Each structure stands twice: as structure tokens, then as C-alpha cells.
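Hi,

Here is the structure I promised to pass on. Have a look, and my notes follow below.

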Amino acid sequence: MVGQKAKPQKKKRSAEGTSGFSRIFGDLANKTSQAAGRASAFMLAAGVVLVWAITGPLFGFSDTWQLVINTGTTIVTFLMVFLIQNSQNRDSAAIQVKLDELIRVGAARNSLVGIEHLSDDELEDIRSKCEARAKAEKFGEETVKETSEKARKAAARAAS
């Protein structure tokens with residue numbers, strides 16, 4: 001209608017949820033998992049354990065001395081599980097999208113797109129059928145080779 005102001009449209013979020021916290025957490029998870037996988041991170045962790053071990057005699061191998069390393073490793077492990085799982089989930093989802101696209105544009109069966117959402121039993125059934133088809137194709141290829149070889153030999157005998 002003429003003269004009416006258009007209503008401001010709300011920003012839509014993508015399926016992944018690009019809220020501020022999600023983006024910050026994703027970035028943190030990426031950077032942390034990349035840093036944790038470096039040799040320098042391992043050396044740092046080994047250095048901390050070495051310092052802790054060396055200080056054992058200074059503290060008489062006390063309960064508090066043991067509690068320090070136990071608490072530290074528990075906290076780091078607890079937090080790293082979530083950060084690394086987040087990175088693995090995103091990597092897995094990205095790979096799945098790439099595979100789905102290859103299936104869609106390639107000679108593969110499009111019915112396989114999205115099978116990651118099926119139950120374990122359904123996936124096992126599909127895997128078994130794919131393996132059976134692969135065995136049948138292999139057998140078919142071997143049969144064709146044998147037949148081709150026989151035909152080549154027969155042609156050679158006929159030509160002599």
C-alpha cells in the first residue's frame with residue numbers, strides 16, 4: 001500500500017545457528033583443536049608433567065601435590081572433549097555435504113544422499129547390500145576378463 005512503511009525483516013539464522021556465541025565457540029574450538037594438535041602443545045604438556053614430577057620430593061609427594069596434577073588434567077580433559085568434539089562434528093558435517101554433492105552430480109546413486117540420518121541397523125543393511133553389489137561387480141569384471149581372454153585366444157587360433 002502506498003505511504004505505508006515496510007516492516008523491518010528479521011535476520012534469519014542459518015541451520016547451523018550463526019548466533020554470536022555459536023560463532024565464538026566454533027572459532028575457539030577450531031583454534032584450540034589446531035593448537036592442541038601441534039608438537040609445541042605436547043611439549044608444553046610434557047613440560048608441565050615434568051615440572052610436577054620434579055617438585056614431588058619438594059612437597060613430599062603429598063596428597064595436595066597429587067591433587068594439583070589430577071585436578072589440572074581433569075579440567076583440561078573435560079574442556080578439551082567439548083572443543084574437539086565440536087571441531088569433529090563440523091568437519092564431519094562438511095565432509096558429508098561434500099560427499100552428498102559428489103553423489104548428486106556423479107554416477108553414484110542419489111538415494112544414498114542423507115543416509116547418515118538413518119539408524120545403525122538401516123546403515124548396516126545398506127552397507128551389506130553395497131558390499132554384495134561390489135562383490136558381484138568384481139565377479140562380473142573377472143568373468144568379462146576371462147571371456148575376453150578366451151575370445152582373444154580363439155581369434156588367434158582362427159587367424160593361424
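**Helices and a pocket**

H1, H2 and H3 each supply at least two residues of the lining of the largest pocket. (Helices here are DSSP runs of H or I, at least four residues, numbered from the N terminus; a pocket is an open set of points on a 1 Å grid over the protein atoms alone, where a 1.4 Å probe fits, with protein on both sides within 12 Å along at least five of seven lines, and lining residues have an atom within 4 Å of a point.)

Before I go on: this is a predicted model, with local features needing pLDDT of at least 70 and side-chain atom pairs pLDDT 80 or more, while totals for chains, interfaces and linings use all residues. Numbering starts from 1 along each chain as its sequence is written, and side-chain values use heavy atoms, without hydrogens or water.

Back to that pocket: its volume is about 400 Å³, counted as the space filled by probe spheres set on the points, which are joined across faces, edges and corners. Of its 15 lining residues, Ala 41, Leu 44, Ala 45, Thr 73 and Val 76 are the closest to the centre.

As for the fold, the chain has four helices and zero strands. H3 covers residues 63-105 and reaches 62 Å from first C-alpha to last, close to the expected 63 Å (1.5 Å times one less than its number of residues). Its buried residues (under 20% relative accessible area, 1.4 Å probe, protein chains only) include Trp 65, Ile 69 and Met 80. Over the whole chain, 9% of the 160 residues count as buried.

Cheers

Notes
Buried < 20%, exposed > 50% of the residue type's maximum accessible area, 1.4 Å probe, protein only.
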